[in-house]
Amino acid sequence: MLSPERLALPDYEYLAQRHVLTYMEDAVCQLLENKEDISQYGIARFFTEYFNSVCQGTHILFREFSFIQATPHNRASFLRAFWRCFRTVGKNGDLLTMREYHCLLQLLCPDFPLELTQKAARIVLMDDAMDCLMSFSDFLFAFQIQFYYSEFLESVAAIYQDLLAGKNPNTVIVPTSSSGQHRQRPTLGEASMLEGVEASLFYQCLENLCDRHKYSCPPPALVKEVLSNVQRLTFYGFLVALSKHHGINQALGALPDKGDLMHDPAMDEELERLFKSEHGGPGL
């Protein structure tokens, strides 16, 4: 049975939204690179296994960074794989540095950029030294926001800097208001820079940004909820609030709630099965 979302969209829009062409192109490239091996069991079986791996989220393992960030599904799959592979770090209560977390990311994606790991660590550490220790859960939820919404957050950072400098980003990067008038903000003093920016004005700018980004930003209603609880905030204060917001984590759908982060019955069962197989198992 087709979903309501599928019925509401023309075929070409649905295929574009699901990035089907991206996966077809990747599958064909994989086919051509491994055609000698694939010829032994057939092209049809190859495509079946390829798209099964896409559905299961295992298709991103050990792939290049350009591929794991190519689609929202790839990003969510990578987040889920990182959590499932390394949740024992959190389960054991281990604290790691930014570079140690980066090494873990590189085990799944060899060319994962250090800059992205640094940005995620900065959400946790704020102004602390980047060699400070972080818990797995703190890093994971900060990393989720920075990795999944990276392009959106780059635009948010530019808006924030404009507001700090006393500029109104609406006059430059977003459509004009219905009144057709632009309000120029007075230059912010040093105290204001330390306190951040006015939350209501910040939200006005982000509301327009969310309209343009559509599927690559947090739900606007939840962004509004984050910003409605404060009068002023800093850029990293905003990122921390996003990373800790239960609703945003649920909307993204890659990770469990923080309270369930160390529990993965399916993976535990699989590991137990592998362990028994490796060691002969009971009765063997």
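Predicted model: local features only at pLDDT ≥ 70, side-chain atom pairs only at ≥ 80, totals over all residues.
Two packed helices are described by the angle between their axes and the distance between the axes. Here, helix 3 (residues 20-33) packs against helix 5 (residues 43-56) at an angle of about 130 degrees, and their axes lie 11 Å apart.

Which residues make the contact between the two helices? Helix 3 brings Tyr 23, Met 24, Asp 26, Ala 27, Val 28, Gln 30 and Leu 31. From helix 5 come Ile 43, Phe 46, Phe 47, Tyr 50, Phe 51 and Val 54. By type, the residues of this contact divide into 11 nonpolar, one polar and one charged.

**The chain as a whole**

Stepping back, the chain has 17 helices and four strands. It counts 284 residues, of which 38% are buried. Among contacts between residues at least 6 apart in sequence, 65% join residues at least 24 apart.

Helix 14 spans residues 220-228, and its Leu 222, Val 223, Val 226 and Leu 227 are buried.

**Two residues to look up**

Is Thr 117 buried or exposed? Thr 117 is buried, because its relative accessible area is 0%, and buried means under 20%. This residue sits in helix 9 (residues 114-125). Leaving aside residues up to four places away in sequence, Thr 117 touches Met 98, His 102, Leu 105, Phe 112 and Phe 139.

Phe 62 is found in the loop between helix 5 and helix 6 (65-68). With a relative accessible area of 57%, Phe 62 is exposed. Most residues other than glycine have a negative phi. Phe 62, although not a glycine, has a positive phi of about 65 degrees.

The table sets these residues side by side.

| Residue | Relative accessible area | State |
|---|---|---|
| Thr 117 | 0% | buried |
| Phe 62 | 57% | exposed |

Definitions and conventions. Residues numbered from 1 in each chain as written. Heavy atoms only, no water. Buried < 20%, exposed > 50% of the residue type's maximum accessible area, 1.4 Å probe, protein only. Axes fitted to C-alpha atoms, helices over the stretch in contact; angles between N-to-C directions. Contact = heavy atoms within 4.5 Å. Nonpolar A, V, L, I, M, F, W, Y, C, P; charged D, E, K, R; others polar.
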